[in-house]
Amino acid sequence: MTAERKMTAAKPYDEMHTADGAVRAHYRSYADWLEQMPRERIEQKRNEADVAFHRVGITFNVYGADGGKERLIPFDLLPRIIPGDEWTALEAGLRQRVQALNAFLADVYHDREILRAGRMPAELVLNNAQFRAEMQGVDVPGGLYAMIAGIDLVRAAGADGKGEYYVLEDNLRVPSGVSYLIENRKMMMRLFPDLFSRYRVQPVEHYPDLLLETLRAVAPEGVADPTAVLLTPGAFNSAYFEHSFLAQQMGVELVEGQDLFVEDDTVHMRTTQGPRRVDVIYRRIDDDFLDPQVFRADSMLGVPGLMAAYRAGRVTLANAVGTGVADDKSIYPYVPEMVRFYLGEEPILNNVPTYMLRNADDLAYTLAHLPELVVKEVHGAGGYGMLVGPAATKAEIKYFRQLIVAAPEKYIAQPTLALSTCPTFVEAGIAPRHIDLRPFVLSGGKEIRMVPGGLTRVAMKAGSLVVNSSQGGGTKDTWVVG
């Protein structure tokens with residue numbers, strides 16, 4: 001599992017241009033259009049987009065920033081374009097990976113065959129903070145734990161100059177961002193309808209329909225016409241816009257914990273017509289806050305008795321309790337082994353080479369090369385708790401060195417990949433900025449489905465590799481064409 005000691009140094013892969021500066025075939029029509037578009041016109045359109053997003057309420061609350069002040073996630077008007085054949089290959093890899101992750105979750109909460117086979121350390125799973133012993137032996141519909149997965153992909157230039165995709169992270173707990181994917185597309189079609197006549201851009205607007213079908217497909221056995229709800233922590237949550245947006249688009253009720261109650265191991269929703277049974281809960285609340293009778297007793301966000309109803313098979317939670325053990329960064333290096341173990345296949349999508357600092361050799365190498373590496377907390381998220389060595393100060397590197405030495409098992413390290421760049425409209429004009437891609441993969445019944453592309457996140461600051469919205473990153477519309 002040790003990362004390769006060397007990765008070929010290369011310039012970032014340019015999504016739009018080849019190494020000699022020529023425009024790639026799938027960008028040519030767009031490049032012609034862009035060349036004829038005055039900068040003032042683009043600025044005008046960007047201002048229109050900002051006004052429209054404010055009017056709709058597409059904001060993001062960054063905890064601790066300006067007292068929790070809501071702000072817009074920067075939206076870039078220049079799309080990221082992916083050829084159809086390239087997406088087909090990515091789609092196959094995403095299906096394979098999510099299938100293996102679900103098989104792993106079903107296994108570790110039941111027979112633990114992968115652990116008994118010695119294919120990964122048992123203590124890494126069973127002592128993991130995200131492992132929920134309360135889920136041991138609990139059967140979930142279809143054996144599906146992660147019905148909604150957000151898989152973060154990055155692209156780096158290989159030795160031959162060609163771009164190669166890597167999985168950077170698996171998000172299986174409460175993956176967010178899909179509302180921005182949909183709203184970005186609506187905005188681009190509104191601002192630049194002429195562009196869509198130049199390309200056959202594959203649609204994404206049907207995601208809420210696919211999501212609702214997925215939720216209904218995993219209802220408890222014997223429920224013919226399931227009632228689904230979306231459980232939100234409330235209006236002060238950073239992703240509340242997305243919660244309300246998806247509930248409205250799916251035509252389901254948006255509820256808080258106080259709107260639900262459990263009686264006879266059955267979840268009910270309070271309505272003006274009286275109690276109504278709830279069969280599927282798309283929960284956007286972390287495990288710890290779901291049920292104060294089982295997890296955090298001080299939680300005001302959850303539903304007392306929810307876990308009893310869940311274990312009795314009277315309600316489905318999407319995603320399942322305990323999915324976090326599969327997307328923890330300490331487990332991430334073993335996902336390719338999961339693909340081999342459960343599917344008998346070689347992984348289509350590669351991981352970023354990863355140093356596990358619980359291993360003495362990896363720890364020694366990382367401490368000797370901190371200025372070159374990216375270091376992440378295994379339980380960290382949102383761009384927090386990480387060190388980007390090449391961009392860090394000497395004081396930051398010294399501080400992280402102390403953290404690592406004190407608790408090496410809490411960290412992993414990876415080479416600093418030169419993430420691919422895409423033309424982005426910034427204050428200085430059009431300039432390359434680093435990007436990633438988060439496709440949303442839906443598993444329900446016998447099908448694994450997704451809308452073409454995903455949410456492209458962009459590091460708006462020159463040279464920055466951090467694309468997270470909580471760290472100032474923005475988003476782009478993603479076009480899968482042809």
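This is a predicted model: local features need pLDDT of at least 70, side-chain atom pairs count only at pLDDT 80 or more; totals for chains, interfaces and linings use all residues.
## Leucine 212

Let's start with leucine 212: this residue is partly exposed, with a relative accessible area of 23%.

Leucine 212 sits in helix 7, which covers residues 207–217. Setting aside residues up to four places away in sequence, leucine 212 touches Met250 and Val252. Tyrosine 282 is 70 residues apart from leucine 212 along the chain, yet their C-alpha atoms are separated by 9.6 Å.

Four strands make up an open sheet, in the order 7-6-11-12, and their pairing is parallel. At the edges you'll find strand 7 (253–255) and strand 12 (316–318), each pairing on one side only. On average, neighbouring strands in this sheet are turned by 30 degrees against each other, ignoring direction.

Take strand 11 (residues 280–283): this strand and strand 12 pair in the parallel sense over three bridges. Isoleucine 281 has leucine 317 as its bridge partner in strand 12.

Helix 8 lies across strand 6 (228–231), strand 7 and strand 11, and runs at about 150 degrees to strand 7.

Helix 8 (residues 240–250) also meets helix 6 (residues 178–191): their axes come within 9 Å and cross at roughly 70 degrees. The two helices are therefore roughly perpendicular to each other. On the helix 6 side, the contact is made by Val178, Ser179, Tyr180, Ile182, Glu183 and Lys186, while helix 8 brings in Phe241, Glu242, Phe245, Leu246 and Gln249. Sorted by class, that contact has six nonpolar, two polar and three charged residues.

## Two nonpolar cores

Now for the nonpolar cores. The largest one has 69 residues, and those with the most contacts inside it are Phe104, Val125, Met135, Leu153, Leu260, Ile281 and Tyr310. Helix 3 (residues 84–108) gives the most to this core, with nine residues. Apart from this core lies another, of 61 residues, including Leu144, Met147, Val178 and Leu246. Val178 and Leu246 also turned up in the contact of helix 6 with helix 8.

What is tyrosine 310 in contact with, leaving aside its neighbours within four places in sequence? The list runs Met135, Val140, Val315, Thr316, Leu317, Ala320 and Val321. Of these, Met135 is named with Tyr310 among the residues with the most contacts inside the largest core, and Leu317 is the bridge partner of isoleucine 281.

Notes: Residues are numbered from 1 along each chain as its sequence is written. Side-chain values use heavy atoms; hydrogens and water are left out. A nonpolar core is a set of buried Ala, Val, Leu, Ile, Met, Phe, Trp, Tyr and Cys residues joined through side-chain atoms within 4.5 Å. Buried means under 20% relative accessible area, exposed over 50%, partly exposed in between (1.4 Å probe, protein chains only). Contact means heavy atoms within 4.5 Å. Axes are lines fitted to C-alpha atoms, for helices over the stretch in contact, and angles run from 0 to 180 degrees between N-to-C directions. Angles under 35 degrees count as roughly parallel, over 145 as roughly antiparallel, 65 to 115 as roughly perpendicular and the rest as oblique. Ala, Val, Leu, Ile, Met, Phe, Trp, Tyr, Cys and Pro count as nonpolar, Asp, Glu, Lys and Arg as charged, and the others, Gly among them, as polar. Two strands pair if DSSP finds at least two bridges between them.
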